[in-house]
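My notes follow in the order I took them.

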Amino acid sequence: MGLTLIQKSDPSRPKRNPKVALVLAGGAVSGGAFKVGGLKALNDFLVGRKVTDLDIYVGLSAGAMLSVPLAAGISPDEFVKVLEGTSTRFDQLRPVDFYQPNWQEFVSRPAKFTFDLLTYLPSISVELAKALPGLPEALGKSAREFLRRPSYTRFEKLAIQLIDHVSPTREIPALTNHIPSGLFDNSGLERWMRRSLERMNLPNDFRAFERKRHKKLYISACDLDTAERAIFGADENCEITISQAMQASTALPGFYKPARINGIDYVDGGVRHTANIDVAIEKGADLIICYNPFRPFLNRIDADEEGSSYFADGRYLADRGLKVVLNQVFRTLLHSRLKLGIQRYLADDRFKGDIVLLEPREHDANFFAVNPLAFWKRAEAVHHGFESVRRTIEQNFTQLHDLLARYGLEMSQEAARRKANKLRRERGWKEQSDLSEPALRLVS
């Protein structure tokens with residue numbers, strides 16, 4: 001389903017001054033750009049109150065990179081310009097910011113391995129020389145027992161004692177311990193966010209930011225050494241800056257080295273949670289709009305089912321190789337956690353609000369095929385995200401309109417159509433006609 005509505009509120013008892021939260025999950029580069037296009041589509045439907053006028057913003061990973069600008073008042077239209085480098089308000093996100101090589105570890109770790117290896121042989125030679133004189137006393141009893149009555153058990157005992165006596169106390173340098181902790185360094189993203197906030201004359205401090213913007217902003221990451229989730233915000237952990245929190249949240253393991261900030265190593269917030277809907281609930285949100293760009297692809301292989309859709313001309317996903325297999329597995333793990341979380345919110349009697357969950361369709365082969373870390377695919381992902389979400393909202397307009405209206409969010413199909421046509425003319429986009437009919441899932 002492209003759209004899931006979780007309705008737990010009582011329409012007959014509307015809340016006074018309800019709080020609306022926007023929760024943005026991860027998505028790397030293409031997923032983040034897909035969200036930009038989708039948020040642009042959603043924003044076009046809104047009349048009056050826009051996605052920059054909500055009460056609470058919660059982001060992790062790529063969602064953190066978007067939640068900060070949105071809370072700062074940067075509209076999805078403006079963020080499209082940020083990706084293009086034509087924005088006059090926010091700095092352009094450049095490939096050098098995203099793909100900054102982890103030079104320090106690529107130099108220091110091989111050098112350390114070489115040094116350890118070169119000093120290992122001399123050190124164990126000294127230890128062996130010191131151990132040889134004590135061999136007769138250490139092995140005498142076991143050696144005599146073996147000579148009197150030879151057996152495998154006595155030989156094994158003798159061999160173990162020999163190895164224990166002459167083995168060096170220093171371990172052999174392991175190559176795996178000297179491999180860099182990540183290919184790239186995302187400190188460039190921190191500098192990009194810090195420069196942009198300075199450019200807008202906005203504080204790079206959670207408490208000062210909330211006082212100036214009157215918006216609650218939360219960013220999550222994972223503490224690598226404790227495996228615990230870290231929540232940064234004005235009334236949470238605010239010992240680091242907003243740009244540092246964004247850096248911590250985007251440190252994708254393997255791709256980026258862990259972000260070491262104030263003596264703590266952080267990795268991508270998606271390691272612990274696919275989204276942070278629970279944070280929005282705890283902060284008092286009555287309506288939560290959650291955008292998750294990663295979900296597994298439904299590759300039907302039932303040849304008897306008429307009208308089945310396939311990825312790559314009907315082949316199994318495994319036929320496309322390891323990259324596609326890992327892509328599907330990664331998406332499945334993230335989406336499974338999100339589904340479990342949704343079930344938990346449904347069973348929680350304390351939450352009496354509503355959740356709008358936006359996702360790609362399960363048959364969206366074009367988006368599934370896009371490399372999540374391909375910076376050069378961002379324009380394509382923006383276009384696809386825009387058309388996908390616009391079509392989803394258009395075909396489920398009545399249900400979504402009625403739900404959002406209860407929270408002061410008015411919607412207009414006509415306004416959205418005018419803006420969509422204008423955008424297509426300006427950018428030379430063609431309306432995508434290959435998008436399957438989105439289904440609506442109602443949960444209450």
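What share of the contacts in the protein with a separation of 6 or more comes from residues 24 or more positions apart? I found 78%. I note here that the model is a predicted one.

Entry 1, the whole chain. I counted 16 helices and 14 strands in the protein. The radius of gyration is 28 Å, well over the 22 Å that the globule rule gives for 444 residues, so the protein is more spread out than a compact globule. I also took the box that the C-alpha atoms fill along the principal axes, and it is roughly 95 × 60 × 50 Å. Of the 444 residues, 50% count as buried.

I have the accessible surface at about 21,800 Å², with 54% of it belonging to carbon and sulfur atoms. The protein has 63 positive and 55 negative charges, and their mean positions are 2 Å apart.

After α3 comes Gly85, with a positive phi near 90°.

I located Asp185 in the loop between β5 (182-184) and α8. Is Asp185 buried or exposed? Its relative accessible area is 12%, under the 20% cut-off, so I put Asp185 down as buried. A polar atom of the Asp185 side chain lies 2.9 Å from the backbone nitrogen of Ser187. Leaving aside neighbours within four places in sequence, I found Asp185 in contact with Gln100, Pro101, Asn102, Tyr256 and Lys257.

Ala28 has a positive phi near 55°. Ala28 lies in helix α1, and at a relative accessible area of 22% I noted Ala28 as partly exposed. Asn262 also is not a glycine, and its phi is positive at about 55°. I placed Asn262 in the loop between β9 (259-261) and β10 (264-267). Why does Asn262 count as exposed? Its relative accessibility is 57%, and exposed means over 50%.

How values were computed:
Residues are numbered from 1 along each chain as its sequence is written. This is a predicted model: local features need pLDDT of at least 70, side-chain atom pairs count only at pLDDT 80 or more; totals for chains, interfaces and linings use all residues. Side-chain values use heavy atoms; hydrogens and water are left out. Helices (H or I, at least four residues) and strands (E, at least two) are DSSP runs, numbered from the N terminus. Buried means under 20% relative accessible area, exposed over 50%, partly exposed in between (1.4 Å probe, protein chains only). A polar contact is a pair of N or O atoms within 3.5 Å; within protein, one must be able to donate a hydrogen and the other to accept it, and residues adjacent in sequence count only if both atoms are side-chain atoms. Contact means heavy atoms within 4.5 Å. The radius of gyration is taken over C-alpha atoms; the globule rule is 2.2 Å times the number of residues to the power 0.38. Accessible areas come from the Shrake-Rupley method with a 1.4 Å probe; for residues, only the protein chains shown count as cover. Lys and Arg count as positive and Asp and Glu as negative; His and the chain ends are not counted. The place of a charge is taken as NZ of Lys, CZ of Arg, CG of Asp or CD of Glu.
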